[in-house]
Amino acid sequence: MTLVRQQLIFILPIALLVANAFTWYVVWRETPKEILTVAFLDIGQGDAIYIEAPNGNQVLVDGGSGRQIFRALGEVMPFYDHSIDVVIATHPDADHIGGLPFVLDRFAIGVVFEPGVQSDTNVYQEFEKRASDGTHLHQLARRGMRLRLDRNVALDILFPDQDTTGWETNTASIVARLVYGESSFLLTGDSPIKIEKYLIALDGEKLQSDVLKAGHHGSRTSSAPEYVAVVHPQYAVISAGLNNRYGHPHQEVLDIFTKLDATILRTDESGTIIFKSNGVTLTKS
């Protein structure tokens with residue numbers, strides 16, 4: 001037996017073993033496990049939220065400010081997955097949409113939602129160019145829309161409820177509530193206090209959610225005490241960059257959450273924050 005043949009006999013079983021392991025890895029990743037995953041991605045100063053329904057449908061809410069979105073998505077998505085069903089740009093500020101042109105270039109996207117408010121920044125122009133290139137649907141998000149992600153998973157648009165042309169960008173932020181069975185998440189973009197109070201008038205106790213994504217990275221311009229009291233979250237998630245120049249989160253906001261017994265989770269302290277739910281039990285992993 002030649003040395004080459006001996007090497008082939010040794011290598012072939014290993015190659016088959018690796019191939020078999022990879023096949024089972026793919027099957028394991030693609031087998032529905034009835035688990036909803038919601039990940040608040042660590043992308044520095046900004047927002048990016050990844051949602052995966054039990055059936056595999058995926059949503060990306062905002063994309064941070066740049067290419068760091070790829071690293072963050074790599075922590076929660078399989079390396080072979082190059083598609084995202086829904087992309088939501090809550091509003092056109094750079095720390096929310098700066099990474100989305102890269103996502104729209106690199107991933108196959110089903111539909112892009114935005115609030116309709118415009119910006120004269122280069123970042124927004126680049127986003128609009130990619131969002132309107134005809135390779136996917138491009139829609140305005142409006143109150144009353146329901147995205148059915150799975151049989152028992154729905155993402156409801158709560159705001160805007162009107163044309164946002166000419167609005168200040170934060171004020172126009174898309175607000176959405178994600179529900180899976182008994183688990184719920186309220187996602188607020190950078191909505192200011194006046195919109196929080198407006199939502200209380202519209203929805204009242206229907207805003208109650210297990211997880212509240214604190215508006216505007218924990219800025220004092222959001223998270224009014226009465227709003228947090230109505231939402232009554234078990235967890236308050238703050239997406240902010242380490243030692244950011246804005247001083248986010250502001251201490252008075254942290255005090256509001258603490259007073260109302262919400263567990264505060266921060267991406268600048270903990271990195272990416274991942275929740276999982278089976279529709280009954282919500283866990284932080």
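The paragraphs that follow take up the salt bridges.

This is a predicted model, in which local features need pLDDT of at least 70 and side-chain atom pairs count only at pLDDT 80 or more, while totals for chains, interfaces and linings use all residues. Residues are numbered from 1 along each chain as its sequence is written, and side-chain values use heavy atoms, with hydrogens and water left out.

Side chains of opposite charge can pair when their charged atoms come close. A search of the whole structure finds 10 salt bridges, a salt bridge being a side-chain nitrogen of Lys or Arg within 4 Å of a carboxyl oxygen of Asp or Glu.

One of them joins Asp105 to Arg130, with the closest N and O atoms 2.8 Å apart. This pair links distant parts of the chain, since Asp105 belongs to helix H4 (residues 100–106) and Arg130 to helix H5 (residues 122–131), 25 residues apart; helices are DSSP runs of H or I with at least four residues, numbered from the N terminus. Asp105 is exposed at 51% relative accessible area, whereas Arg130 is buried at 17%, where buried means under 20%, exposed over 50% and partly exposed in between (1.4 Å probe, protein chains only).

Another salt bridge pairs Lys197 with Glu226, their closest N and O atoms being 3.6 Å apart. Lys197 lies in helix H6 (residues 193–203) and Glu226 in helix H7 (residues 225–231), so this pair ties together parts 29 residues apart in sequence. Lys197 is partly exposed, at 45%, and Glu226 is partly exposed, at 36%.

Technical notes. Helix = DSSP H or I, 4+ residues; strand = E, 2+ residues; numbered from the N terminus.
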